[in-house]
Amino acid sequence: MPIPRFWREIEQRYKGIGSRCKNCGEIYFPPRKVCPECRRESFQNMEEYELEGTGEVVTYTEIHEPHQEFEMLSPYILAIVEMDEGVRLTGHLVNVDYDEVESGMRVEASMRKLGEESPKGLIYYGYKFWPIDD
Ligand SMILES: [Zn+2]
């Protein structure tokens, strides 16, 4: 993937910007240019859609031996979260103990920097989730 496109996608992910098909209403994140359901009918018919940033835990696990970049965070909880728009994201679940986590728990998401700049100048981003009451 060419670098400029890589950075544009990082920015979209950072802001939680996906796309919505005006034909069928389906939301995609990361954004798509064409709706796989509507195909030709969706062409030129996709609009930007910003995720609300809230969702619920689908499944989760505790990681005791993380990749060395995440050593400081060990142990941490890795969760798959279904956002209210129906898209699924994977990230770190924070501000909660493992035995307090349950499927269906409401969480809010934010994007954050996980890794440092590599010799190639890339920074790694990931999602962070924390419980909310709503
Ligand atoms: Zn569609």
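Here are some friendly notes on the predicted model above, point by point.

1. **Ground rules.** Residue numbers start from 1 along each chain, following the sequence as written. This is a predicted model, in which local features need pLDDT of at least 70 and side-chain atom pairs count only at pLDDT 80 or more, while totals for chains, interfaces and linings use all residues.

2. **Confidence.** The mean pLDDT of the chain is 84, and 80% of the residues score at least 70; pLDDT is the predictor's confidence in each residue, from 0 to 100. Confidence is lowest in helix α1 (residues 3–15), with a mean of 71, and highest in strand β4 (residues 54–63), at 95. Where pLDDT is low, the predicted coordinates should not be read in detail.

3. **Overall make-up.** The chain holds 1 helix and 8 strands, and along the sequence the pattern is α-β-β-β-β-β-β-β-β. Helices (H or I, at least four residues) and strands (E, at least two) are DSSP runs, numbered from the N terminus. Of the 134 residues in the chain, 15% are buried; a residue is buried if 20 or more other C-beta atoms lie within 10 Å of its own, exposed if 12 or fewer, and partly exposed in between, with C-beta atoms placed from the backbone. Among contacts between residues at least 6 apart in sequence, 49% join residues at least 24 apart, a contact being two C-beta atoms, placed from the backbone, within 7 Å.

4. **The three-stranded sheet.** An open sheet of 3 strands has the order β2-β1-β3, with antiparallel pairing. β2 (27–28) and β3 (46–50) stand at the edges, each with a single partner strand, so one side of each is left without a neighbour in the sheet. Strands count as paired if DSSP finds at least two bridges between them.

5. **Strand β1 up close.** β1 (residues 17–21) joins β2 over 2 bridges and β3 over 5 bridges. Arg 20 has a bridge partner on either strand: Ile 27 in β2 and Glu 47 in β3. Ser 19 stands opposite Tyr 28 in β2. As for burial, 4 of the 5 residues of β1 are buried. The hairpin of β1 and β2 has 5 residues between the strands, and Gly 25 there takes a positive phi near 90 degrees.

6. **Strands β4, β5 and β6.** β4 and β5 run antiparallel and are joined by 8 bridges, with Thr 59 bridged to Ile 80 in β5. β5 and β6 also run antiparallel, joined by 6 bridges; here Arg 88 in β6 is the bridge partner of Glu 82. Between β5 and β6 lies a hairpin with 4 residues, where Gly 86 in the turn has a positive phi of about 100 degrees.

7. **Tyr 76.** This residue belongs to strand β5 (residues 76–83). Tyr 76 counts as partly exposed because it has 17 C-beta neighbours inside 10 Å. Tyr 76 and Ile 63 are 13 residues apart in sequence, with their C-alpha atoms 5.4 Å apart in space.

8. **The nonpolar core.** Which residues form the largest nonpolar core? Its 8 residues are Val 57, Ala 79, Val 81, Met 83, Leu 89, Leu 93, Val 107 and Phe 129. Such a core is a set of buried Ala, Val, Leu, Ile, Met, Phe, Trp, Tyr and Cys residues joined through C-beta atoms within 7 Å. β5 and β6 (88–93) are the elements that give two or more residues to this core, and the largest share, 3 residues, comes from β5. Not counting residues up to four places away in sequence, Leu 93 touches Tyr 60, Ile 77, Ala 79, Val 101, Val 107 and Phe 129.
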